Number of protein chains: 2
Amino acid sequence: MKSDLDRLMQARDLVALLVVGDGHDNPPRAYLTNGAHITGGLALKRRGEAPLLVVNPMETEEAARSGLAVYSFHDLDWAQLVEAAQGDRSQATVALWGRCLERFGVPPGKVGVYGSGSINIYLEMVKRAAAAYPAYQFVGEMGMTLFDEAYVTKDAAEIARIQAVAAATSAVLEATWAFIAGHRADGDRVVDADGQPLTIGAVKRFVRRALLDHELEDTGMIFAQGRDAGFPHSRGDDGQALRLGQAIVFDLFPRALGGGYHHDATRTWCIGCAPAEVQAAYDDVLAAFQTAVAAYTEPGQPAHTLQDAVLDYFESRGHPTLRSHPSAAEGYVHSLGHGVGLNIHERPSLSHLAKDDRLLIGSLITIEPGLYYPERGFGVRLEDTFLIDETGALVSLTNFHKELVLPLRG
Amino acid sequence: MKSDLDRLMQARDLVALLVVGDGHDNPPRAYLTNGAHITGGLALKRRGEAPLLVVNPMETEEAARSGLAVYSFHDLDWAQLVEAAQGDRSQATVALWGRCLERFGVPPGKVGVYGSGSINIYLEMVKRAAAAYPAYQFVGEMGMTLFDEAYVTKDAAEIARIQAVAAATSAVLEATWAFIAGHRADGDRVVDADGQPLTIGAVKRFVRRALLDHELEDTGMIFAQGRDAGFPHSRGDDGQALRLGQAIVFDLFPRALGGGYHHDATRTWCIGCAPAEVQAAYDDVLAAFQTAVAAYTEPGQPAHTLQDAVLDYFESRGHPTLRSHPSAAEGYVHSLGHGVGLNIHERPSLSHLAKDDRLLIGSLITIEPGLYYPERGFGVRLEDTFLIDETGALVSLTNFHKELVLPLRG
């Protein structure tokens, strides 16, 4: 969590973090600014000090909502830097970095550069910064990065925001179930009161509106039916009409509007009735889900132990897995889950190949076993987002039932 | 446009473009994939050849919609690369880059790295790629980049998509006007049928829904009233109720759902009636808008000439400008416009400081003069998005009227 940042900087021998990049979709910046919506500028964190923000004069008021010290570009004589750079704003920004490091007393050493943005521009800017400010080494990192480590546990302020998103997402699952249930059958097709087929595109439009009603935004939901549901990443074909007795995988992973925390939940629904082989797979997936939850015993436990338990279970039921068949395209073909936060995929990884990741108090993770048989025309997945709370208990934040058969009322 | 890429690569002495990064919000990737929604993998363009895509096996079908050659990670033995990297996917990706460059016959030389993503990760990946594949130099660039140059003109396929977004955005402006007009006055407040005040937050919720109905997504609209409208970047206060006779700046710049082309339009509305000083400023802004349009004569013209004409006009009317008062916070405090495309801000820049940018056939630009007097409690801006069409004419794609006073019908 945020209070770990100084320790994580120390471990990397960083004297400062420089968080830069674009405004939209910039999780490290959103993390440091505590939800204030800054669309430019930079955040500077010196080791042992709170972060400070340097923003466009237009954004100082919004920036102040972060609770951090805020400086405007004017305070750093931005106009003079732009003039010196003959109007080249990237070049002026490099000079702004240097001015901030010096003005705010960052001692010589390694400066970690983080944030999301245009790769080509930042490659060149960092190269120029290194040449212009030889007292500093501007460094990146990959693998388990400083922010990845921090994200592994959430603090109380984050958890309050996360719970609100969880409740809203659960309400949208509920509303979507009710929306579909309000239709009727015409042969094996689902139709509206006028007899018009209900398409996946129409369901997605309903869901996006329902998300907005709850101040959430879609980040690419999956609503995939039949054979498409057999491919974990298929988003579903908008033009396809909903049909009775087809497995539908509905994976919803919205975030708070404007780039906040995600919630991640999946349900599998069969409208009207469930074919026996879908029901059988569903029963196995539900049992695997319960197996995973039961395999959790205490904070500090390696995350892969939950996946190991699910692999054991699925293999005992005769399903191929990525452990028994590493290139399997049928059966259980992905890992059990992942951390969730400002990014939809964070650490810890609940994969049998990620041996070092642990489940800690404050971790927010998904548990999402699934079975995929595209050649048999179906896939099944169930997913809740769980918090390991302050007592060390694994608690689901997804408040929606796990019925397979969705009956039509219309 | 895309057909310029080989020339732009030649000018930079690049043997290949490597477009990498995250899926969501990655304009260079969206540009090369012609609208197909790829969320990972890479695009490789060798000079003189069409781009090719290397994607997750789950995304080969979606990738094929690009019309480009598609390879799956399997084709490049991704599993073996991950194993060799001991599960470190960033390290495996560096090896994938190397394998692609070799497998697809890219000659030794400079490889331009583009795309949007985590800056720290790509800094480190590029460093490792440079060490592992000394035949190639992996380079970034800033300032007027290769993609910036390409974006300056749009081709016919892009223009078709752009026109659809323009029509949809115009329809949302119309719907928003009608939505507000359906309310009534209670004193100086705008209220609904039940007498409840209409807030800015409620208007934004209406607009986001209307955008979805047209398969658009909001990317941060401004709906700012009174003093807030006097700050060009203020997004407006969601809790504030709409009031009669206040200037409201409504700047809408959505894009096609999932990361397509933007349209950018601004209107200023006064509900019920307009105070004389707002009306006077509005008249000046409208005249400035017309001055800018009239200042365009032919393709190839420097873009700053339109801004110069507007500066002359505003200064003749006694308003401070960024030319007469470079740090002005009142008057005309921004440039006249910018290119629009997959990014909301592209080149050309219609700034008096950008002397090299030109208006060309196929350029898509905004014209958006404004006046800002926060201490007097108002701001005014008008903006259309214009195309320079194949005949060389400057044509507005924003199909909505420019009335200042929005009368209530309720």
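Predicted model: local features only at pLDDT ≥ 70, side-chain atom pairs only at ≥ 80, totals over all residues.
**View 1. The contact between chain A and chain B.** Let's start where the two chains meet: 44 residues of chain A are in contact with 44 residues of chain B. On the chain A side, strand 5 (109-114), strand 6 (116-118), helix 6 (119-132) and helix 9 (200-213) each supply at least two residues. Helix 6 of chain A gives the largest share, eight residues. Sorted by class, the chain A side that touches chain B holds 18 nonpolar, 18 polar and eight charged residues.

**View 2. Strand 6 of chain A beside strand 6 of chain B.** Here we zoom in on a pairing across the two chains. Strand 6 of chain A and strand 6 (residues 116-118) of chain B run antiparallel and are joined by three bridges. To find your place, look for Ser118(A), which stands opposite Ser116(B) in strand 6 of chain B.

**View 3. A hairpin in chain A.** Strand 15 and strand 16 of chain A form this hairpin, with six residues between them. Three bridges link strand 15 (residues 337-339) of chain A to strand 16 of chain A, and the two run antiparallel. A handy landmark is His338(A), which faces Ser349(A) in strand 16 of chain A. Strand 16 (residues 346-350) of chain A is largely enclosed by the rest of the structure, because five of its five residues are buried.

**View 4. Helix 8 packed against helix 9 in chain B.** Two packed helices are described by the angle between their axes and the distance between the axes. For helix 8 (residues 156-181) and helix 9 (residues 200-213) of chain B, the angle is about 145 degrees and the axes are 10 Å apart. The crossing of helix 8 of chain B past helix 9 of chain B is right-handed. From helix 8 of chain B come Val172(B), Ala175(B), Thr176(B), Phe179(B) and Ile180(B), which meet Val203(B), Phe206(B), Val207(B), Ala210(B) and Leu211(B) of helix 9 of chain B. This contact has nine nonpolar residues, one polar residue and no charged residues.

**View 5. The surroundings of Lys204(A).** For the last stop, we return to chain A and to helix 9, where Lys204(A) lies. Lys204(A) counts as buried because it has 21 C-beta neighbours inside 10 Å, and the cut-off for buried is 20 or more. Leaving aside residues up to four places away in sequence, Lys204(A) touches Met221(A), Phe223(A) and Asp238(A). Lys204(A) and Phe223(A) are 19 residues apart in sequence, with their C-alpha atoms 7.5 Å apart in space.

Terms used: Residues numbered from 1 in each chain as written. Chains lettered and ligands numbered in written order. Contact = placed C-beta atoms within 7 Å. Helix = DSSP H or I, 4+ residues; strand = E, 2+ residues; numbered from the N terminus. Nonpolar A, V, L, I, M, F, W, Y, C, P; charged D, E, K, R; others polar. Pairing = 2+ DSSP bridges. Buried ≥ 20, exposed ≤ 12 C-beta atoms within 10 Å, placed from the backbone. Axes fitted to C-alpha atoms, helices over the stretch in contact; angles between N-to-C directions. Left-handed = near helix turned anticlockwise from the far one by under 90°.
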